[in-house]
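Look over the structure before reading on.

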Amino acid sequence: VGLCDMAFPDLGCRPTGDIDLLVHRRDVPGAVRLLREMDYAPMGPFPELDRFHEATFSHPSNGSRMPPVDLHWGLCAERFSAHARFDFDLGEDDVWRDADLKRHRLSPEISLVHLILHAFTNSFSMLSDFVDVLYVYRTVKSKVDWGKWVEQVRRFRMGAVAAFTLGRVAEWWKIEYPEALDRMVEEDLPVACRLGLLRKAPWRGDIGGWKERLAMPLFFQPP
């Protein structure tokens, strides 16, 4: 809902099968209590906070009236932490800095990082994840210091993932990025190649500019 309010002209433009509810780690017990008061129940035993990043709750209506809710106290699973800092623990104050709590959304900078991470954790298999990145970028492009944003992304160890995601968005929708973003894609895309994000075969050296690299087949082709 926060994403739709931030970047999409109408809620109907961004259909979804569930609701992702992001909470500070310390607020997990209160969020669980509120969900239970609305007749939601966790699907299976409630996971340990230190080992997992989310829990899924279902409603007796089985989604016909009340959609499932994914309660997040982190933004990605532990298995992805080699490519991102600490699973993006939502207990960290950095993640909530400049969040718009009245509108239920993170800051523009963190929102874009979150969506790039979301595309990665879905194996770049869903075109809707790239559309989310596109719409949020268009909405926030004049409000963000992109030089600082690139520094932040690299501190999160997400340079290669961000370069690959933003590169695909630029290629498909003919986006011209500010210099800082364009330079990041150029510099970090070779790492994406070595991680196997760009093609199945190992990357063995420079193959031209980043736009030429993106013309190569994806490991996961969007529909």
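## Aromatic pairs and a pocket

Tyr 137 and Trp 146 are both buried (under 20% relative accessible area; exposed is over 50%, partly exposed in between, with a 1.4 Å probe and protein chains only). This is a predicted model, in which local features need pLDDT of at least 70, side-chain atom pairs count only at pLDDT 80 or more, and totals for chains, interfaces and linings use all residues. Residues are numbered from 1 along each chain as its sequence is written, and side-chain values use heavy atoms, without hydrogens and water.

The structure holds 11 aromatic pairs. Rings of Phe, Tyr and Trp (its six-membered ring) pair if their centres lie within 6.5 Å; planes under 30 degrees apart are stacked, over 60 edge-to-face, the rest tilted. Two pairs are shown here.

| Pair | Centre to centre | Angle between planes | Type |
|---|---|---|---|
| Tyr 137 and Trp 146 | 5.5 Å | 45 degrees | tilted |
| Trp 172 and Trp 173 | 5.9 Å | 80 degrees | edge-to-face |

Trp 172 is partly exposed, at 29% relative accessible area. Trp 173 is partly exposed too, at 27%.

Now the second largest pocket. Its lining has 13 residues; Asp 98, Glu 109, Lys 148, Gln 152 and Arg 155 lie nearest its centre. A pocket is an open set of points on a 1 Å grid over the protein atoms alone, where a 1.4 Å probe fits, with protein on both sides within 12 Å along at least five of seven lines; lining residues have an atom within 4 Å of a point.
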